[in-house]
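Hello,

Here is the structure I promised to pass on.

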Amino acid sequence: MITKQNLHMHSTFDDGADSCLDMLLACRQAGIVSAGVSLHSPMRFETDWTAKRDGVDAFLRQMEALKSDLSGTLQVFTGIEWDVLSPKEILDSFDYVIGSVHFLPVSDVPPSVDNVPEETENLIGMYFGGDADAAAERYFAELFHVAEEKRVQICGHFDLLTKFNERFSFFNPESERYIKAGQRALTAILDAGKVIEVNTGAISRGWRTNPYPDRRWLLEIARRHGRVMLSSDAHACANVVTAFEETEALLRSCGFKEIVQYMGNGEFERVPL
Ligand SMILES: [Zn+2]
Ligand SMILES: [Zn+2]
């Protein structure tokens, strides 16, 4: 395993199963030398999987303590997975920001694209009259907020909307409209200089056999010399480096010669693949 860093992990501060300490120790055990726990940003509406507003300070304090407790054995960063519909004011408190789209803002309580298959199916039916390409266009349009936010360094799970697609085929990733919408979002994100994470989270959850983004996008990112990093989006200790070796091989097969690793202060270094 070439990858020595993982910045996308969750803990009991949001919908993760394990503590920040246990997640970080699991990383160290797996050969990771630099790791970050990334808090799901609090939303303006009720959810059962994002951080609560009053949990943010406790998370920041705990991560500061862990940085010194683990110093010398693991480099620790404090991260946030910022959903584009959540407030931006707190972003300055974190070492890095992963920008993600989980919801489509089509109602007061926006439906999520990746919660459960029924919800994804319903949102296409109820809000887009069954036109999955229109839902995909809306999803990819939301990704422009990731491109536009200066404090975001990393684009999270680029095509999250396809989470359930291997079993349910809600979207047609070969359709012209889908591809065009995805290409426009990808161009905005690359032009803004964001790093794109190659995220194995849906593999550990049993929904996908390949990471996000799909191979089509990986080929395009490689062709455009975009920067990528691996992440597991782990919600439990057992998954901190799930499918990393296979994903490195996939990236090589797509033409990537390197991945990047975060150094802090918005800087990345290149690591040969
Ligand atoms: Zn996410
Ligand atoms: Zn996540």
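Let me begin at one residue: leaving aside neighbours within four places in sequence, threonine 162 is in contact with Phe171, Pro173 and Asp214, where contact means that the C-beta atoms, placed from the backbone, lie within 7 Å. Before going further, a word on what you are looking at: this is a predicted model, in which local features need pLDDT of at least 70 and side-chain atom pairs count only at pLDDT 80 or more, while totals for chains, interfaces and linings use all residues. Residues are numbered from 1 along each chain as its sequence is written, and chains are lettered from A and ligands numbered from 1 in the order in which they are written.

Back to threonine 162, which sits in the loop between strand 5 and helix 6 (165-168). Helices (H or I, at least four residues) and strands (E, at least two) are DSSP runs, numbered from the N terminus. Threonine 162 has 27 C-beta neighbours inside 10 Å and therefore counts as buried; the cut-offs are 20 or more other C-beta atoms within 10 Å for buried, 12 or fewer for exposed, and partly exposed in between, again with C-beta atoms placed from the backbone.

Alanine 136 leads on to the core. Not counting residues up to four places away in sequence, alanine 136 touches Leu161, Phe171, Tyr178 and Ala181. It is also one of the residues with the most contacts inside the largest nonpolar core, which has 72 residues; Met23, Leu24, Tyr139, Val228 and Val240 are the others named. Such a core is a set of buried Ala, Val, Leu, Ile, Met, Phe, Trp, Tyr and Cys residues joined through C-beta atoms within 7 Å.

Now the overall picture. The protein chain has 10 helices and 9 strands. Its radius of gyration, taken over C-alpha atoms, is 17 Å, close to the 19 Å that the globule rule (2.2 Å times the number of residues to the power 0.38) gives for 273 residues, so the chain is as compact as a globular protein of that length. The C-alpha trace spans about 55 × 45 × 35 Å along its principal axes, and 45% of the 273 residues count as buried. Of the contacts with a separation of 6 or more, 68% are between residues 24 or more positions apart.

7 strands form an open sheet with parallel pairing, in the order 1-2-3-4-5-6-7. Strand 1 (5-6) and strand 7 (228-231) are the edges, each pairing on one side only. Helix 1 (residues 20-29) packs on this sheet and touches strand 1, strand 2 (34-40) and strand 3 (75-83), its direction making about 145 degrees with that of strand 2. Axes here are lines fitted to C-alpha atoms, for helices over the stretch in contact, and angles run from 0 to 180 degrees between N-to-C directions. Helix 2 (residues 56-69) lies across strand 2 and strand 3, at about 160 degrees to strand 3.

How do the strands connect? Pairing requires that DSSP finds at least two bridges between two strands. Strand 1 and strand 2 pair in the parallel sense over 2 bridges, with glutamine 5 opposite serine 34. Strand 2 and strand 3 also run parallel, joined by 7 bridges, and here serine 34 has glutamine 75 as its bridge partner. Their C-alpha atoms are separated by 4.5 Å, although the two residues are 41 apart along the chain. Glutamine 75 is partly exposed, with 18 other C-beta atoms within 10 Å. Strand 2 is largely enclosed by the rest of the structure, because 6 of its 7 residues are buried. Further along, strand 4 (residues 96-100) pairs with strand 5 (residues 154-155) over 2 bridges, in the parallel sense, and isoleucine 98 stands opposite isoleucine 154.

Finally, have a look at tryptophan 82 in strand 3. With 26 C-beta neighbours inside 10 Å, this residue counts as buried. Beyond four places in sequence, tryptophan 82 touches Ser41, Leu91, Val97, Ile98, Gly99, Ser100 and Val152.

Best wishes

Technical notes:
Two residues are in contact if their C-beta atoms, placed from the backbone, lie within 7 Å.
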